[in-house]
Amino acid sequence: MSTSVRVMIADTRKDGFDLLRIGAIRALVLWRGFPYVFQGAMLGVLLGLAALGWGQVPPAGVPDKLFAKSNLVTLLVWGLWWPGMVIATVLLGRAWCAICPLELVANVSERVGRTLGFRQRALPRRAASGFVALALFAAMQMLIPGGHLHRVPALTALVLSGLLLLAVATGLLYEHRAFCRGFCPASLLLGSYGRGGVLAIRPGPAETCRACAGKECVRADRRDRWTARSCPSLLNPARLQHNGDCLMCAECVKACSSDNMRLLLRRPFSGADARTARVPRVMTLFVMLVSGFVISELCSEWEAAKALFGWVPGYLTAALGAKTLGGWIEGIWTIVIVPVVLWTVLGGVVVLLGGARGLGDAWRRLALPLAVVVAAGHVSKGLAKTTSWIGFIPGALSDPAGSVRAAAISAKTIPSPPALVSLPVVGAVAVVLVAASVWLGTREARLADPDRLSARAVPVLLVGALFLAILTGWLRGG
Ligand code: SF4
Ligand code: SF4
């Protein structure tokens, strides 16, 4: 065996297998229509759902959760697409971004703005840091308990339309994929959950990139092309070391004249990726916020845990005599108070064990290891939701509005479609996922910074134990 072949095999073992070696995948990725055709199809679906949901509200006398499962818009958006995107991101990395219709809309409006002579500016620093995306994500999380966003098709249609308009506006006003880099409410979730995904765009041998004269993957004069562009996200593909910001659009693969970009299939949480011991503040805040949301979601499948989690906001709502504000109080409890209390305890443990200089430092060191466990909790809830909602699809396809079916199910004149898999079975899968995530999260903490590992491993174990305790209720059937 020649040395070069041995080196290639060693590289493959370390980084993963290059899927571009498979002819059909290579042809698809290099095709001029990729990913536009897929994005266009998804845009059609998004517009259709926004139009279908417009003005639809739950009928009186029917539980809104039942209506949400029966209505095609809420069923597809919140019962299938959103949990599906969370699951796909954890498994595959930011694969969703490659076919996302909002990127297409922002891409086209950016070109229209340029053609119309708009003076497009660089992304403002606040937006580039992710704070705007975080605020939009938090607003959507508040709209769930506060406005029942996930159960009201009209509100869902408004949010979809608002995102489309925001993509158009940011494309017109700013340059270089500004919507994805600074405004997309899902971007922090995709960037933190997708790091361990098994798919990754990565450069080949560094010597090839060093010797490259063309630098097509970063050249500014190639950025405005329709295909084989230099990276529209302003990354340097030749130095790509993690999945956090790469949208897997494959433009760099097409642009590279040395054929040195790869689409890797690799182990989850590849050891070849770069890690940072302290993540940016905005990513930390995101993981904190979403941890509260995931705890509430896990509790929602077990009546006793749900009652316990909701006791404080329920008490406050009653004490304030503010029944109409109950959902918003629950939202603040879920994404602000619970995370602050939980992370103060977790960060305090890290500080006491000498793993950080203060609470803020501890939080930033904990964010990525804990993101692994939180993502596993999120995936578990996604599985529970999708498997219990999926049986409603045939009915929703025959009656997209869903009012009549929901009323009939509510009146018990027709049976409710059974769950695809029982909650105890999903719970058993979730237990395995969470246990694996505790191991992976601890490994992430070690790879990011082997010093004082035990100080950061203890909070990972504590959150894993909390999730497992809630899952015992799932195993009993809720
Ligand atoms: S960052 Fe957001 S808008 Fe951009 S491709 Fe990903 S999901 Fe779509
Ligand atoms: S690095 Fe390549 S695949 Fe990733 S966003 Fe940039 S051009 Fe797209």
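**View 1. Residues around ligand 1 in the predicted model.** The shell divides into eight nonpolar, no polar and two charged residues. Here Ala, Val, Leu, Ile, Met, Phe, Trp, Tyr, Cys and Pro count as nonpolar, Asp, Glu, Lys and Arg as charged, and the others, Gly among them, as polar.

**View 2. The contact of domain 1 and domain 2.** The protein is divided into domain 1 (11-274) and domain 2 (281-475), with bounds from an automatic or database domain assignment. Domain 1 brings 45 residues to the contact and domain 2 brings 43 residues (heavy atoms within 4.5 Å). The two domains bury about 3900 Å² between them, 79% of it on carbon and sulfur atoms; buried area is the accessible area (1.4 Å probe) lost when the two parts are put together, summed over both. In domain 1, the most area is lost to domain 2 by Met-142, Tyr-193 and Phe-269, together 17% of what that side buries.

**View 3. The largest pocket.** The largest pocket holds about 1200 Å³ of space. A pocket is an open set of points on a 1 Å grid over the protein atoms alone, with protein on both sides within 12 Å along at least five of seven lines, and lining residues have an atom within 4 Å of a point. Grid points are joined across faces, edges and corners, and a volume is the space filled by probe spheres set on the points. Of the 49 lining residues, His-150, Arg-151, Glu-297, Ser-300 and Lys-381 are closest to the centre of the pocket. Helix H19 gives the largest share of the lining, eight residues. The lining divides into 22 nonpolar, 17 polar and 10 charged residues, and each domain supplies at least three residues.

**View 4. The largest cavity.** A cavity is a set of grid points where a 1.4 Å probe fits but cannot get out. Five cavities of 30 Å³ or more are found in the whole structure. The largest cavity has a volume of about 100 Å³. Its lining has 15 residues, of which Cys-231, Leu-235, Cys-246, Cys-249 and Cys-252 lie nearest the centre of the cavity. This lining divides into 12 nonpolar, one polar and two charged residues.

**Notes.** Residues are numbered from 1 along each chain as its sequence is written, while chains are lettered from A and ligands numbered from 1 in the order in which they are written. In this predicted model local features need pLDDT of at least 70, side-chain atom pairs count only at pLDDT 80 or more, and totals for chains, interfaces and linings use all residues; side-chain values use heavy atoms, with hydrogens and water left out.

Terms used
A residue is near a molecule or strand if one of its heavy atoms lies within 4 Å of it. Helices (H or I, at least four residues) and strands (E, at least two) are DSSP runs, numbered from the N terminus.
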